Amino acid sequence: MEQFSEIFNKLQSVIQVVGTDISFPQIVVVGSQSDGKSSVLESIVKNGFLPRGTGIVTRTPIILQLKNVPGDDRYAEVTYDLGGREGMVVRQLTDFNEVAFEIQTATAKLAGTSLNIVNKPITVVLRSSDVPDLTLVDLPGLVENPAGDQPKDIKRQVGTLVREYVENKNAIILAVHQATTDLANSKSLNLAREVDPEGKRTICVVTKLDLVEPGVDMTNLLNGRDIALHHSNAGDRGDQPFADQQRQSPLDERRSNKGGGSLLPEVQKDRL
């Protein structure tokens, strides 16, 4: 598994430079704005590394390559292509806390300051003994209407970009759904149903369970009875920054329709 993961990551890095239509297996994280995508990703990495803010913070695809390495040291590498004379930019870091700043810097250079969405990926490689060997893609949050200074066609921009990734038949769709949102109005699940109608490559993560009104029974949703998918659902208690979760990760309290267990082994076992 480690050999294949390393080969996939190297090939993806080459593809980012030369460009090609080859599609590799990857986990694509999809959700609406403020649904808790960042919380889910940071729970997997066990460290806060993503920029936070209001509105659309993620404006480019962020390809997250996790590499499990022995020892206590952590290493990060942020890579993106500016094209022209500037070419490929590579920033090597020894502090995961600096990754968010580098992503913000790269986003401003690739997408500008006009809040547009661009399909110019930022690759973030995180090496640590705490992470599994996985490749995930974080995408801009799905929106319905522009807010503030966002472009009037922001819904189209985001939808076009996200659809390009989820239509890849080799992609696992990690559909993030906020517990307080009605299933019929879930943008991530509705999009997943369009491109994966049988639910064979979709996993639902239900976030912000701590906001559900007392007495509301979420058992059917968490056990997969409300969603016709072939894989387990997972529950995430909240969307606090990772620093506020360290005493107990939200993914430490999960339920699934296969008798519990970790989200990540389920992903790896079913697809990778």
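R91 counts as partly exposed, at 35% relative accessibility (partly exposed lies between buried, under 20% relative accessible area, and exposed, over 50%, with a 1.4 Å probe and protein chains only). Its side chain meets that of E102 in a salt bridge, 3.0 Å from N to O (a side-chain nitrogen of Lys or Arg within 4 Å of a carboxyl oxygen of Asp or Glu). The pair links distant parts of the chain, with R91 in strand 4 (residues 88-93) and E102 in helix 3 (residues 99-111), 11 residues apart. E102, at 7% relative accessibility, counts as buried.

This is a predicted model, in which local features need pLDDT of at least 70 and side-chain atom pairs count only at pLDDT 80 or more, while totals for chains, interfaces and linings use all residues. Residues are numbered from 1 along each chain as its sequence is written, and side-chain values use heavy atoms, with hydrogens and water left out.

**The overall picture**

- The protein has seven helices and nine strands; helices (H or I, at least four residues) and strands (E, at least two) are DSSP runs, numbered from the N terminus.
- Of the 272 residues in the protein, 50% are buried.
- The protein exposes about 13,300 Å², and carbon and sulfur atoms supply 47% of that area (Shrake-Rupley method, 1.4 Å probe; for residues, only the protein chains shown count as cover).
- Take the contacts between residues at least 6 apart in sequence: 74% of them join residues at least 24 apart (contact means heavy atoms within 4.5 Å).

- By the salt-bridge rule, the count comes to eight.
- R74 forms a salt bridge with D130, and the closest N and O atoms are 2.6 Å apart.
- R74 sits in the loop between strand 2 (62-68) and strand 3 (75-81), and D130 in the loop between strand 5 (122-128) and strand 6 (134-138), so this pair ties together parts that are 56 residues apart in sequence.
- R74 counts as partly exposed at 22% relative accessibility, and D130 also counts as partly exposed, at 34%.
- R156 and D153 meet through their side chains in a salt bridge of 2.5 Å, N to O; D153 counts as partly exposed at 29% relative accessibility.
- A network of salt bridges links R163, E167 and E194.

**Nonpolar cores**

- The largest nonpolar core has 32 residues, and those with the most contacts inside it are L64, L66, V99, V124, L126 and L136 (a core is a set of buried Ala, Val, Leu, Ile, Met, Phe, Trp, Tyr and Cys residues joined through side-chain atoms within 4.5 Å).
- A second, separate core of 31 residues includes V158, V166, A175 and L222.
- Leaving out residues up to four places away in sequence, L64 touches L41, V45, F49, V124, L126, L134, T135 and L136.

- The buried residues of helix 2 are K37, S39, V40, L41, E42, S43, I44 and V45.
- Just after helix 2, K46 takes a positive phi of about 65 degrees.
- In helix 5 (residues 187-195), the buried residues are S188, L189, L191, A192 and V195.
- Seen down the axis of helix 5, these residues fall within an arc of 160 degrees, so they line one face of the helix (the arc is that of the directions from the helix axis to the C-beta atoms).
- That set of buried residues in helix 5 packs against strand 1 (26-30), helix 4 (154-166), strand 7 (171-178) and strand 8 (202-207).

- Five of the five residues of strand 1 are buried, so the strand is largely enclosed by the rest of the structure.
- Q26, V28 and V30 point one way from strand 1, while I27 and V29 point the other way.
- Strand 1 runs parallel to strand 7, joined by five bridges (strands pair if DSSP finds at least two bridges between them); V28 has I173 of strand 7 as its bridge partner.
- Strand 1 also runs parallel to strand 6, joined by three bridges, with V29 opposite D138 in strand 6.

**P61, a buried loop residue**

- P61 is found in the loop between helix 2 and strand 2, and counts as buried at 0% relative accessibility.
- P61 and T123 are 62 residues apart in sequence and 8.4 Å apart in space, C-alpha to C-alpha.
- Setting aside neighbours within four places in sequence, P61 has contacts that include V118, P121, I122, D138, L161 and Y165.
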